[in-house]
Amino acid sequence: GQSKIYIRAAGTIKRAEIYCYSGTAGTNESWSLYIRKNNTTDTLIATVSAATSERVFSNTALNIAVAAGDYIEIKAVNPTWATNPLTTIFGGYVYIE
């Protein structure tokens with residue numbers, strides 16, 4: 001409930017592309033990102049297991065109905081890292097039809 005993106009018109013979330021860059025890559029544990037709707041329902045975007053500075057979480061097969069007034073957030077479920085990624089920045093987009 002901290003970084004809400006409010007939906008202004010009804011539609012369907014069809015895809016998400018989230019980019020993550022870490023100054024220190026960290027190890028290759030499974031890292032999952034979700035779209036969290038109204039702080040109740042999680043839909044997986046992708047799980048990435050890579051020991052690279054750049055990770056891309058992409059899903060072009062989403063089908064999440066949203067109404068005006070709903071909100072979404074991007075939720076990360078962090079694994080127990082052997083080496084934590086550091087100086088991590090996220091960016092990307094969510095496409096709504």
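Asp-70 forms a salt bridge with Lys-37, their closest N and O atoms being 3.9 Å apart, where a salt bridge is a side-chain nitrogen of Lys or Arg within 4 Å of a carboxyl oxygen of Asp or Glu. The pair links distant parts of the chain, with Asp-70 in the loop between E6 and E7 and Lys-37 in strand E3, 33 residues apart; strands (E, at least two residues) are DSSP runs numbered from the N terminus. This is a predicted model, in which local features need pLDDT of at least 70 and side-chain atom pairs count only at pLDDT 80 or more, while totals for chains, interfaces and linings use all residues. Residues are numbered from 1 along each chain as its sequence is written, and side-chain values use heavy atoms, with hydrogens and water left out.

**Salt bridges**

- The structure holds three salt bridges, and side chains of opposite charge can pair when their charged atoms come close.
- Within the pair described above, Asp-70 is buried at a relative accessible area of 14%, whereas Lys-37 is partly exposed at 22%; buried means under 20% relative accessible area, exposed over 50%, and partly exposed in between, with a 1.4 Å probe and protein chains only.
- The side chains of Asp-42 and Lys-75 meet in a salt bridge at 2.7 Å, N to O, and because Asp-42 lies in strand E4 and Lys-75 in strand E7, the pair ties together parts that are 33 residues apart in sequence.
- Asp-42 also forms a salt bridge with Arg-36, with 2.6 Å between the closest N and O atoms, and shared partners join Arg-36, Asp-42 and Lys-75 into one network.

**Aromatic pairs and charges over rings**

- Four aromatic pairs are counted under the rule that rings of Phe, Tyr and Trp (its six-membered ring) pair if their centres lie within 6.5 Å, with planes under 30 degrees apart called stacked, over 60 edge-to-face and the rest tilted.
- The rings of Tyr-6 and Tyr-71 have centres 5.6 Å apart and planes at 55°, so this pair is tilted; Tyr-6 lies in strand E1 (residues 5-6) and Tyr-71 in strand E7 (residues 71-77), so the pair ties together parts 65 residues apart in sequence.
- Tyr-6 is partly exposed at 39% relative accessible area, whereas Tyr-71 is buried at 13%.
- The rings of Trp-31 and Phe-90 lie 5.9 Å apart between centres with planes at 75°, so the pair is edge-to-face, and it links strand E3 with strand E8 (residues 86-96) across 59 residues.
- The charged end of Lys-4 sits over the ring of Tyr-71, 4.7 Å from its centre, and that of Arg-15 sits over the ring of Tyr-95 at 4.0 Å, where NZ of Lys or CZ of Arg must be within 6 Å of the ring centre and within 35 degrees of the ring normal.

**Nonpolar core**

- Of the 18 residues in the largest nonpolar core, Ile-13, Ile-35, Ile-45, Phe-57, Leu-62 and Ile-64 touch the most other members; such a core is a set of buried Ala, Val, Leu, Ile, Met, Phe, Trp, Tyr and Cys residues joined through side-chain atoms within 4.5 Å.
- Strands E2 (11-24), E3 (31-37), E4 (41-48) and E6 (64-66) each supply at least two residues of this core, and E2 gives the most, with four.
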